[in-house]
Amino acid sequence: MELELNPIKGNFDYQHLKDIHKKLFEDIYTFASLDRTDIGLDGVFLKGNQHFVPGNELKKYSKIKFF
């Protein structure tokens, strides 16, 4: 609802998605809008058996168009 009332303009690129993340979570997380590289987590990142893109490759993968 927050974004419906106050949309964040952009073209859904990496920075735009980080701006949306900040708007949604800035009151909850101090790291809202920061990616793992910004907070010093450059290497392998996993949660349970789920592997995520390594922090040092986020910007590269953010440029891939999936749709």
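Phe12 is exposed, with a relative accessible area of 58% (exposed means over 50%, buried under 20% and partly exposed in between, using a 1.4 Å probe and protein chains only). You'll find Phe12 in the loop between helix H1 (2-5) and helix H2, and its phi is near 60°, a positive value in a residue other than glycine. Keep in mind that this is a predicted model, where local features need pLDDT of at least 70 and side-chain atom pairs count only at pLDDT 80 or more, while totals for chains, interfaces and linings use all residues. Residues are numbered from 1 along each chain as its sequence is written, and side-chain values use heavy atoms, leaving out hydrogens and water.

**The big picture**

- The protein has 3 helices and 2 strands (DSSP runs of H or I with at least four residues, or of E with at least two, numbered from the N terminus).
- Start at the N terminus and the elements run α-α-β-β-α.
- The C-alpha trace spans about 35 × 30 × 20 Å along its principal axes.
- Of the 67 residues in the protein, 13% are buried.
- Take the contacts (heavy atoms within 4.5 Å) between residues at least 6 apart in sequence: 9% of them join residues at least 24 apart.

**The outside**

- The protein exposes about 5800 Å², and carbon and sulfur atoms supply 58% of that area (Shrake-Rupley method, 1.4 Å probe, with only the protein chains shown counting as cover for residues).
- A nonpolar patch on the surface is formed by Ile28, Tyr29, Phe31, Leu34, Ile39, Leu41, Phe45 and Phe52, and together they have about 710 Å² of accessible area (members have over 30% relative accessible area and no salt bridge, and nonpolar side chains are joined within 5 Å, like charges within 9 Å).
- One patch member, Phe45, sits in strand E1 (residues 45-47) and counts as partly exposed because its relative accessibility is 31%.

**Loop residues to look up**

- Gly48 lies in the loop between E1 and strand E2 (50-52), and at 59% relative accessibility Gly48 counts as exposed.
- Gly48 and Phe66 are 18 residues apart in sequence, and their C-alpha atoms are 25 Å apart in space.
- Gly43 is in the loop between H2 and E1 and is partly exposed, with a relative accessible area of 40%.
- Leaving out residues up to four places away in sequence, Gly43 touches Pro54 and Gly55.
- Gly43 and Ile20 are 23 residues apart in sequence and 24 Å apart in space, C-alpha to C-alpha.
- Ser33 also has a positive phi in a residue other than glycine, near 80°.
- Ser33 belongs to the loop between H2 and E1, and it is buried, with a relative accessible area of 17%.

**Charges and salt bridges**

- There are 10 positive and 10 negative side chains, and the centres of the two sets lie 5 Å apart (Lys and Arg are positive, Asp and Glu negative, with His and the chain ends not counted; each charge is placed at NZ of Lys, CZ of Arg, CG of Asp or CD of Glu).
- How many salt bridges does a search of the whole structure find? It finds 5 (a side-chain nitrogen of Lys or Arg within 4 Å of a carboxyl oxygen of Asp or Glu).
- Lys23 pairs with Glu2 in a salt bridge, with the closest N and O atoms 3.4 Å apart. Lys23 is in helix H2 and Glu2 in helix H1, so this pair ties together parts that are 21 residues apart in sequence.
- Lys23 is partly exposed at 30% relative accessibility, and Glu2 is partly exposed at 36%.
- Lys18 forms a salt bridge with Asp35, where the closest N and O atoms are 3.8 Å apart. Here the link runs between distant parts of the chain: Lys18 in helix H2 and Asp35 in the loop between H2 and E1, 17 residues apart.
- Lys18 counts as buried at 14% relative accessibility, and Asp35 is buried too, with a relative accessible area of 7%.
- Asp35 also meets Lys59 in a salt bridge (3.4 Å, N to O). Lys59 lies in helix H3 (residues 58-62) and Asp35 in the loop between H2 and E1, so the pair ties together parts that are 24 residues apart in sequence.
- Lys59 itself is partly exposed, at 42% relative accessibility. Salt bridges that share partners join Lys18, Asp35, Asp38 and Lys59 into one network.

- Arg36 is in the loop between helix H2 (14-25) and E1.
- Not counting residues up to four places away in sequence, Arg36 touches Leu41, Phe45, Phe52, Val53, Pro54, Gly55 and Leu58.
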